[in-house]
Amino acid sequence: MKVKDLLEHGFEALSLPDGDREIDGAYIGDLLSWVMGRAQMDNAWITIMTNVNVIAVASLADTSCVILAEGVDMSDELVSTAEAKDVNILRSNDPTYETAIKLSGLIA
Amino acid sequence: MSDALVFHFDVDGDNFTSAGQASTQVKRNLRQLGLPPAIIRRVSIAMYEGEINMVIHADGGTADVMVTEEYIEIILKDQGPGIANVEQAMQEGFSTATDSIRSLGFGAGMGLPNMKRYTDSMEINTVLGVGTTITMRVNLA
Ligand SMILES: Nc1ncnc2c1ncn2[C@@H]1O[C@H](COP(=O)(O)OP(=O)(O)OP(=O)(O)O)[C@@H](O)[C@H]1O
Ligand SMILES: [Mg+2]
């Protein structure tokens with residue numbers, strides 16, 4: 001499944017510079033070094049963290065997209081940074097667990 | 001490519017919300033060189049962890065990256081407080097990060113272990129009150 005295909009399933013795009021990227025698995029976490037140590041390339045990364053370091057980690061760890069769960073907000077400035085760094089950011093209004101279950105059904 | 005390529009960066013110690021610039025630039029350079037994504041990813045993560053550590057724990061430093069046909073070498077050098085007990089610092093979960101740093105998502109005590117995990121060799125030279133130099137290599141051949 002491509003990142004942009006999630007938009008048809010209740011996920012909202014905040015930044016989508018590379019929507020054709022394929023999602024391969026997922027990782028959930030808010031501690032950045034755990035994400036860098038455990039997430040795999042092309043994973044969708046589900047988190048509730050929304051600071052600028054999230055964008056750097058998503059870029060350097062080469063995840064296919066960041067999915068902000070719980071409907072958390074990201075500032076316009078950070079969304080612009082994500083676009084400039086080629087980082088896809090989506091948002092789900094569901095809690096983290098429900099977001100993961102939904103994603104799991106879609107990418108399985 | 002017979003000569004080694006070298007990149008030098010000064011890592012600012014004041015502003016760790018913008019930290020990661022050196023690693024981001026290195027990622028871009030390695031992409032332009034056409035290196036495999038898996039290699040770029042390992043170098044990027046190892047360097048970012050080290051760069052963030054210099055900002056958070058050592059008030060900044062310098063980063064030098066050398067790309068040869070056989071390997072990519074990253075040398076991170078700071079004049080920070082040094083690491084009192086390297087063996088302890090290398091353990092997953094050990095961290096002296098403050099609460100404000102933890103609130104940004106750092107401070108899990110996983111940075112140094114990640115640097116080791118993603119590189120083929122890693123050497124830490126540290127002297128209390130003088131600084132820390134970390135040399136990492138990722139093999140290409
Ligand atoms: N360049 C450095 N100078 C001084 N102390 C350091 C340096 N790098 C690491 N340390 C010490 O080693 C500890 C462990 O580092 P490590 O990167 O593993 O974890 P962390 O930075 O605390 O958290 P995380 O990397 O998970 O965000 C740090 O908390 C700090 O006490
Ligand atoms: Mg660290």
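I count a residue as near a molecule if one of its heavy atoms lies within 4 Å of it. This is a predicted model, in which local features need pLDDT of at least 70 and side-chain atom pairs count only at pLDDT 80 or more, while totals for chains, interfaces and linings use all residues.

**Ligand 1**

I looked up what surrounds ligand 1 and found 21 residues, the closest being Ser95(B), Thr96(B), Gly107(B), Gly109(B) and Met110(B). The site is shared between chains because the residues around ligand 1 come from chains A and B.

A polar side-chain atom of Ser95(B) lies 2.6 Å from one. For the side chain of His57(B), I read 2.8 Å from an N or O atom to a ligand oxygen. Leu112(B) uses a polar backbone atom, at 2.9 Å. The protein buries 96% of the 590 Å² that ligand 1 exposes when taken alone (Shrake-Rupley method, 1.4 Å probe).

**Chains A and B**

Next I looked up the contact (heavy atoms within 4.5 Å): 22 residues come from chain A and 24 from chain B. I found 1 salt bridge between the chains (side-chain nitrogen of Lys or Arg within 4 Å of a carboxyl oxygen of Asp or Glu). Arg38(A) and Glu92(B) form a salt bridge through their side chains, at 3.9 Å from N to O.

Note on methods
Residues numbered from 1 in each chain as written. Chains lettered and ligands numbered in written order. Heavy atoms only, no water. Polar contact = N/O pair within 3.5 Å; in protein donor to acceptor, adjacent residues only side chain to side chain.
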